[in-house]
Every structure is written in structure tokens, then in C-alpha cells.
Amino acid sequence: MAMDVVDYEIKGSEMQFVEVELDPGEAAVGEAGSMMFMDAGIGMDTVFGDGSKSTGGLFGKLLGAGKRLITGESLFTTVYTNQASGKLRVAFAAPYPGKILPMDLRQLGGMLVCQKDAFLCAARGVSLGVYFQQKLSVGFFGGEGFIMQKLEGDGLAFVHAGGTVVRRELQPGQTLLVDTGCVVAFTPNVNFEIQYVGKIKTALFGGEGLFLAKLTGPGTVWLQSLPFSRLASRVFAAAPQNGGSREEGSLLGGFGAGGLLGSVLGGDDE
């Protein structure tokens, strides 16, 4: 399928969204639930997979949907098509604080490997596939990095990363050690391996885990400072674990929530 050439504008600082401008007949593909707003005159169509094989028959549609299912994404994506005679805009919002990265696949050699939850939206014609790491060590110990998404084509794709984003250009043979969750994307010529830290004490008390991602150039790597898994674990750790409200701070808060006062008036008889 021929790629649609779209214009875009990324707005916001910490909670960003991207506005994609569509000419008549052009379309964008969005991850399920990512649409923020759109102009009247844009038609929505929910499709199996990524919509790039919409003319390939039932087998092609099921194959595209199956690839997305393996990566943990929804079976469906939504295609937004400009059905009017003038230019219209549709916006896609980031799911959590971070940055939206525009990826021109033409300039990246036609392919990009990214974390399975990083894809946000793309111009129609970009194909979403599955990228399996070939080394068994990555499969057993790679965590987030084992099954990744593969974006192919020569159009624009938009990837979301958590926190602050760093782009590193690796020279041939240059190696970078990264927490597995902090790897957002890399070009396919980058060699991805898992390296054992080698010290149990560091893993148990340092909080960094037993394994790190080893990225070897040449190629380009994008890193994020706040993986969603790290954010979710901090939220879960701070959430009340006993089904009630968690009171922190003053004694007055305890009285207001019925803490100390409740135990005195209606609590223990002992």
C-alpha cells in the first residue's frame, strides 16, 4: 500500500499530543483509545491489525491482527480518513507523561524496532509487525525487550516514550548498557543482547536487577527515563493495600478518617 504523506504538529510539554493534518483522501492509523479529537468530516473505521493489509483478504487481516495480539496490543486499530474536500486534523494523545517522537521511516532505512507499547499512531501504509529477539538469553531474561514491535514502510510513525528521551548514535562496536525497560526503540542494525550483572548483592540491594540490555552499534538508539512498568510499580507501592484509605501525615488526618477516634468509640473491647 502506498504511504500517505501527512503533516503534523506536536503540542504540550509533559503530557503531549500530536495533531496530524490530512489532505482529502489521506488517512492515519491510531492505537485503540489514543484519539483525542478530530474535525468533522473525518471518517472512522475499526479494522483488524494495522489496516495495511486491508486489501489482502481475510487471511491477511487475521495475520495482521495476530501479530498485534502477540505483542500484547489490541486486535484492532482505527483508521481515520479525510472524507471532505479540504484539509482536516485529527489528534492523538500520549497515554502517560513523556514525549512523542516522530519517526520518519524513510530516513531510518524503512524499519524501526520499538517496545511493544510504544506505538501511538502512523500515516496509513505503515505496517506493524512483530520483532522477535533471536538470542535465547534475551527470551529468558530480557523482560520487556523480548517481543517488540516492528514498524515498516517509508512514512511517518509516532512513538511514545516515558519521561525524558535520549537519542544516542552508536558507532561500530560501541556498546551501551541500559535497563531493559528504558529501551524505547532502535534501528535494526543495532545488536541487542542481555548481559548478566554478575553480582547478586547488586541485584538484591541495588534495585537494578540481574540483567541489563547490551546495545552494540552501529545504529541509533532511543532511551526513556521513565518506563511505564517503573511508573506503575511506584503507583502500586504507594496505593493502600488493605482496601481502605491510606492516611499519611498528621494526627488530625487520622481523626478525620476515623482512625484513632474510630478505634476508641467502636473498636476494641480489650
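Reader: How many salt bridges are there, and what makes a contact count as one?
Author: The rule asks for a side-chain nitrogen of Lys or Arg within 4 Å of a carboxyl oxygen of Asp or Glu. By this rule the count is seven. The model is a predicted one: local features need pLDDT of at least 70, side-chain atom pairs count only at pLDDT 80 or more, and totals for chains, interfaces and linings use all residues. Residues are numbered from 1 along each chain as its sequence is written, and side-chain values use heavy atoms, with hydrogens and water left out.

Reader: Why is the contact of Glu19 with Arg89 called a salt bridge?
Author: The closest N and O atoms of Glu19 and Arg89 are 2.6 Å apart. The limit is 4 Å, so the pair qualifies.

Reader: Which parts of the chain does the pair Glu19 and Arg89 link?
Author: Glu19 is in strand β2 (residues 17-22) and Arg89 in strand β7 (residues 88-93). They are 70 residues apart. Strands here are DSSP runs of E with at least two residues, numbered from the N terminus.

Reader: What makes Glu19 buried or exposed?
Author: Buried means under 20% relative accessible area, exposed over 50%, and partly exposed in between (1.4 Å probe, protein chains only). Glu19 has 8%, so Glu19 is buried. Arg89 has 24%, so Arg89 is partly exposed.

Reader: How do you know that Arg89 also forms a salt bridge with Glu21?
Author: Their closest N and O atoms are 3.7 Å apart. That is within the 4 Å limit, so the pair counts. Arg89 lies in β7 and Glu21 in β2, so the pair ties together parts that are 68 residues apart in sequence. Glu21 has 17% relative accessibility, so Glu21 counts as buried.

Reader: What about Glu169 and Arg167?
Author: Their closest N and O atoms are 3.0 Å apart, so they form a salt bridge. Glu169 has 42% relative accessibility and counts as partly exposed. Arg167 has 49% and also counts as partly exposed.

Reader: Why is Val90 called buried?
Author: Val90 has a relative accessible area of 0%. The cut-off is under 20%, so Val90 is buried. Val90 is in strand β7. The C-alpha atoms of Val90 and Asp39 are separated by 6.4 Å, although the two are 51 residues apart along the chain.

Reader: How do you know that β15 and β18 pair?
Author: Two strands pair if DSSP finds at least two bridges between them. β15 and β18 (residues 211-216) have four bridges, so they pair, in the antiparallel sense. In β18, Ala213 is the bridge partner of Val178.

Reader: In which order do the strands of that open sheet stand, and why are some at the edges?
Author: The order of the three strands is β15-β18-β17, with antiparallel pairing. β15 (175-178) and β17 (191-196) each have a single partner strand, so one side of each is left without a neighbour in the sheet.
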